[in-house]
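Work through the exercises below with the sequence and the 3D view open. Each task is followed by a worked solution.

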Amino acid sequence: MNDIDAWVWWLIGAVGLGIPLVVTAMPEFGMLAVGAVAGALTAGLGGGVVLQVVVFVAVSVALIAVVRPVAARHRSQMPQLATGVEALKGKQAVVLERVDGSGGRIKLGGEVWSARALDTARTYEVGQEVDVVDIEGATAIVL
């Protein structure tokens, strides 16, 4: 196997590792594909088979060791900006129609929402401020 063939085989291997990356969305395959590209560069520059494999392993392991912990830390963080109904939880609203365990109306974020009390024995009168603790469908659960 001459040098040109070696780097071509490494590139074929990189493409082969890129396919499961796309299919399974496992970033480790991408890191191995980058290692294979590094092996191809080593082969293209005239490095021997042993050096090619060492470069492939070193680059792949280095990427996995550095990128995986950073990605895991990033994935475990809560989103900085809440959107949709998540942004409404914890907000204050004003009662427009009496709210009890069976229903009522509130003004939340400039919009009129149906609402019901979290504590079914509790009643909130018109003009009273309440806290939104949850959203179920189109109904705000208030406290």
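**Exercise 1.** How many bridges join strand E1 to strand E4, and do the two run parallel or antiparallel?

Solution. The model is predicted, so local features need pLDDT of at least 70 and side-chain atom pairs count only at pLDDT 80 or more, while totals for chains, interfaces and linings use all residues. Residues are numbered from 1 along each chain as its sequence is written, and side-chain values use heavy atoms, with hydrogens and water left out.
- Find E1 at residues 92–100 and E4 at residues 129–136; strands are DSSP runs of E with at least two residues, numbered from the N terminus.
- Two strands pair if DSSP finds at least two bridges between them.
- E1 and E4 are joined by three bridges and run antiparallel.
- Gln 92 faces Asp 131 of E4.

**Exercise 2.** Which residue in the turn between E4 and E5 has a positive phi?

Solution.
- E5 covers residues 139–142 and pairs with E4 over four bridges, in the antiparallel sense.
- Opposite Ile 135 stands Ala 140 of E5.
- Two residues separate E4 and E5 in this hairpin, and Gly 137 in the turn has a positive phi of about 65°.

**Exercise 3.** Is Trp 9 buried or exposed?

Solution.
- Locate Trp 9 in helix H1; helices are DSSP runs of H or I with at least four residues.
- Buried means under 20% relative accessible area, exposed over 50%, and partly exposed in between (1.4 Å probe, protein chains only).
- Trp 9 has 53% relative accessibility, so Trp 9 counts as exposed.
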